[in-house]
Amino acid sequence: MAYKNKIIRNVKTGQDICFLQTGKDTNGTLLEMEAIFSAHSKEPIAHYHPCQQEDFKVLSGQLTVRVNGQLKLLQAGDRLHIAPNTVHAMWNSSDEKTMVNWQVRPAINSEHFLETLAGLAADNKTDENGKPGILQVALTANNFSDVFRMAKPAYTLQKVVFKLLSPFAYMAGYKPVYKEYLD
């Protein structure tokens, strides 16, 4: 469970996250984090958040951002607002670490999503870029579809494919969320 000052590390993507304020702390209105991106961190899959907005402030270093297919390079002091349903991805392509203040409104269950991904990576249940296999994706993406959706394929197609794959994922022992990652 996320709590103030808890730090999680995604060993595959090279990102550390310190929870500054959780949904529980803010009655669900805000999740605030400090994220540290290692030098040459991995570009995540292009994604969007259907009903959340995100605000980023680069505290140190530089952050590469792809928003709606266009690249931007943010420097220390730069801010970026991501509206709901805006396709984006961000990473650190520089030689130095980057520190970012990251705010998500409303919080919903975003911290559980981030804890799940970090746990899967730590248990070597992802590829080298931090992406789980398709059966894990089917369950996790369905469970967290209110806070995270992949940009491609179309969401309607994702729902159909993931629904078809879910029984096989459960039979293979996968879960949408792992209690040990949230404790």
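## Salt bridges

Aspartate 55 and arginine 105 pair through their side chains in a salt bridge, with an N to O distance of 3.5 Å; the term covers a side-chain nitrogen of Lys or Arg within 4 Å of a carboxyl oxygen of Asp or Glu. Aspartate 55 belongs to strand S5 and arginine 105 to strand S10, so the bridge ties together parts that lie 50 residues apart in sequence. Strands (E, at least two residues) and helices (H or I, at least four) are DSSP runs, numbered from the N terminus. Aspartate 55 is partly exposed, at 23% relative accessible area, and arginine 105 is partly exposed at 30%. Buried stands for under 20% relative accessible area, exposed for over 50% and partly exposed for values in between, with a 1.4 Å probe and protein chains only.

The model is predicted: local features need pLDDT of at least 70, side-chain atom pairs count only at pLDDT 80 or more, and totals for chains, interfaces and linings use all residues. Residues are numbered from 1 along each chain as its sequence is written, and side-chain values use heavy atoms, with hydrogens and water left out.

The count of salt bridges comes to 4. One of them joins glutamate 43 to arginine 66, with the closest N and O atoms 2.9 Å apart. This pair links distant parts of the chain, 23 residues apart: glutamate 43 sits in the loop between S3 and strand S4 (47–48), and arginine 66 in strand S6. Glutamate 43 has a relative accessible area of 33% and is partly exposed; arginine 66, at 27%, is also partly exposed. Aspartate 16 and arginine 9 form another bridge, their closest N and O atoms being 2.6 Å apart. Relative accessibility is 22% for aspartate 16, which is partly exposed, and 39% for arginine 9, also partly exposed.

## Nonpolar core

In soluble globular proteins, nonpolar side chains tend to be buried together. Here the largest nonpolar core has 32 residues, and Ile17, Met33, Leu63, Leu80 and Trp102 have the most contacts inside it. Such a core is a set of buried Ala, Val, Leu, Ile, Met, Phe, Trp, Tyr and Cys residues joined through side-chain atoms within 4.5 Å. Among the elements that each supply at least two residues of this core are strand S2 (15–21), strand S8 (79–82), helix H1 (110–122) and H2. The largest share, 4 residues, comes from S3.

Methionine 33 is in contact (heavy atoms within 4.5 Å) with residues including Ile17, Phe19, Val100, Trp102 and Leu114, leaving aside neighbours within four places in sequence.

## Two buried polar residues

Asparagine 10 lies in strand S1 (residues 7–10) and is buried, with a relative accessible area of 9%. A polar atom of the asparagine 10 side chain is 3.0 Å from the backbone nitrogen of lysine 12. Beyond neighbours within four places in sequence, asparagine 10 contacts Gln15, Leu117, Ala118 and Ala121.

Threonine 140, in helix H2 (residues 134–143), is buried at 4% relative accessibility. Not counting residues up to four places away in sequence, threonine 140 touches Phe113, Thr116, Lys175 and Pro176.

How values were computed: A polar contact is a pair of N or O atoms within 3.5 Å; within protein, one must be able to donate a hydrogen and the other to accept it, and residues adjacent in sequence count only if both atoms are side-chain atoms.
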